[in-house]
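Please keep the sequence and the structure in view while reading.

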Amino acid sequence: MLRLTRGAKIGLGAIVAVVLVFMYIPLSLVVLNSFNVARIATWPVTDFSLNWWVVAFTSEPIRAALLNSIVVGLGATAMALVLGTLTAFALQRYSFFGKQTVNLLVVLPIALPGIVTGVALSNTYNNLLEPIGIQIGYFGMIVAHATFCMVMVFNNVLARLRRMSPNLQEASMDLGAGLWQTFRIITFPQFRTAFVAGGLLAFALSFDEVVVTIFTAPPGVDTLPLWIMNQMARPNEASVVNVVATVIILASFIPVYVSQRLSRAEEED
Amino acid sequence: MTSTVPRVTPAEPGRVKTHGPGRVQPAGRNPLSTRLHRSPRLRLLGLLALPLTWLVGVYIFSLVMLLITAFWRTDPFTSKVIPGFTFDNFVRLVENPAYLSTSLRTLSIALLVTLLSVMFSIPLGIFMAKVASPWLRAFLAVAITLPLWAGYLVKILAMRITFTENGFFNSALEPLGLSGPGFSYTTVVLTLTYLWFPYMALPVYTAVRQIPANLFDASADLGARSWTTIRTVVVPLLKPAVIAGSIFTFSLSLGDYLAAKFVGGSTQMIGSVIASNINLNPPIAAAFSVVPIVFVLVYLFAVRKTGALERM
């Protein structure tokens, strides 16, 4: 066990306290300001009302933006699940020339700055595909999201496959099951939690993404982050943004709860 | 006499029935499966065909096309892009003092963010893994993870409210006769640290937890005090985790421009220049987007040998 002096413990504790204060004061200010009567965020908040909550929940643009975010997130997650799982299997089960390169290739879309990915894809969509008559539009945004979401599924599934014993699959094949049947009955249940966790991360990543979306969203289409960004850029109705932001902060408890459950389920496995 | 042996209903002649979750097909029923089983090469091809088509055909193709645009030029009068081959755009990146200082500023921001994240992650990780009670540890794990999910723009908005002219931070400092950094370079560094800190803190915490306890005993037996043990035993063992975390803090900061836009005042980053030029002068924007790619690739290749990529 690491033996620390009293002073060292207090010093470490103080740093942790500073980190927590630094993390949570700004978020609390957002929550507080969502109840602010004033049109823009102020300090101190003197008058409270639920007015901006009513405005936010009846706002058509917010509803449309939320719907877009969900559609794009689900589409991108579905594609990322297929692509990420396929790649994870290839890299875990086989040794081949260029394996490291494939690994790098999967990581690249998230390692490179979002603006590079966004500008590169929008260049392809607008300057190469459009002139030859292909209007990729909404689908282009989903493709862009799936590209950087893939790595989330890939990492989770790969990590699980590495810990799985191949014996069960070999037994299944020896007993006459085909590849697909073995996958369905034996292999998939073993990495199901990692698959779900990867999908969850992919959806969250897509739901939160803004930079690539700026460049790949078709004109007039807002996702929720795009809507927030546009509101921040024109600050006359800033308090509605605080309501949406508060809802997002509250919603972040869901993935934290689910991931805790998943890791617990994993320990029991 | 009652038997405990389950009764087996006679199967139809010629058919095998099992009680498993699926029916086992007689071998050879599915020719595709059999062929795939015999040829690992074909299986690998089947697995990789779709992902590689996607990554190379869409992503790498787009990056290459963007790179090609960087060698084109823009007609100064008509603003039309003219295909060709010129290094002018890259020369301008270095010769134009505003562009050069933007690149260096962005690099310094990314390095500062990484440094700050490491400086706070290590004490936090040690505290969580070795000092905190199990209850406090679980609480802190959730407390560190939660902001990770709270939304990128939400956090920028939060920092904007905190550091604005008449905002919380300035009010809190006022009794001391001080004023905060406002919207500036400093606030960009703080905001980006705020955004990417969990990406460093979580791997570092996991790494501290995995250090075998007997190393600490050995260190103490050899006479090392707390800080000596942390400096000579703990910190060196955290290197892989710090590298894995720094890939995020460094590259995410390097490409960011919305923090600079919303809390940076007049602070420009590489992303700001790319975004403002993409419609007016695509070749210079393309040339500029090579800068963060080069920074990130150099970094990734430098750390690839450590196996940090696989921890991401």
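In chain A, 77% of the contacts with a separation of 6 or more are between residues 24 or more positions apart; two residues are in contact if their C-beta atoms, placed from the backbone, lie within 7 Å. This is a predicted model, in which local features need pLDDT of at least 70, side-chain atom pairs count only at pLDDT 80 or more, and totals for chains, interfaces and linings use all residues. Residues are numbered from 1 along each chain as its sequence is written, while chains are lettered from A and ligands numbered from 1 in the order in which they are written.

The secondary structure of chain A consists of 12 helices and 0 strands. Helices (H or I, at least four residues) and strands (E, at least two) are DSSP runs, numbered from the N terminus. With a radius of gyration of 23 Å, well over the 18 Å that the globule rule gives for 269 residues, chain A is more spread out than a compact globule. That radius is taken over C-alpha atoms, and the rule is 2.2 Å times the number of residues to the power 0.38. Along the principal axes, the C-alpha atoms of chain A fill a box of roughly 75 × 70 × 30 Å. Of the 269 residues in chain A, 46% are buried. A residue is buried if 20 or more other C-beta atoms lie within 10 Å of its own, exposed if 12 or fewer, and partly exposed in between, with C-beta atoms placed from the backbone.

The average pLDDT of chain A is 87, and 97% of the residues score at least 70; pLDDT is the predictor's confidence in each residue, from 0 to 100. Within chain A, the mean is lowest in helix α12 (residues 253-268), at 75, and highest in helix α3 (residues 60-93), at 94.

An unreviewed UniProt entry annotates residues 12-35, 65-90, 102-120, 132-154, 194-218 and 238-258 of chain A as "transmembrane region". UniProt positions are given in the numbering used here, feature names are shortened, and annotations may be inferred rather than shown by experiment. Residues 102-120 of chain A are 89% helix and 0% strand, with the end C-alpha atoms 20 Å apart. For residues 132-154 of chain A the chain is 78% helix and 0% strand, and the end C-alpha atoms are 34 Å apart.

Chain B has 14 helices and 2 strands, and 42% of its 312 residues are buried. Its domain assignment gives domain 1 (35-82) and domain 2 (91-311); such bounds come from an automatic or database domain assignment. The centres of these two domains of chain B, taken over C-alpha atoms, are 31 Å apart. In chain B, 9 residues of domain 1 are in contact with 8 residues of domain 2. On the domain 1 side, α2(B) provides the largest share, 3 residues.

Between the chains, 74 residues of chain A are in contact with 78 residues of chain B. Helix α1 (residues 6-33) of chain A gives the most to the chain A side, with 15 residues. That side divides into 55 nonpolar, 15 polar and 4 charged residues, where Ala, Val, Leu, Ile, Met, Phe, Trp, Tyr, Cys and Pro count as nonpolar, Asp, Glu, Lys and Arg as charged, and the others, Gly among them, as polar.

Helix α13 (residues 270-277) of chain B has 6 of its 8 residues buried, so it is largely enclosed by the rest of the structure. What covers the buried residues of α13(B) includes α5 (114-129) of chain A and, from chain B, α4 (97-131), α11 (239-255), α12 (258-263) and α14 (282-304).
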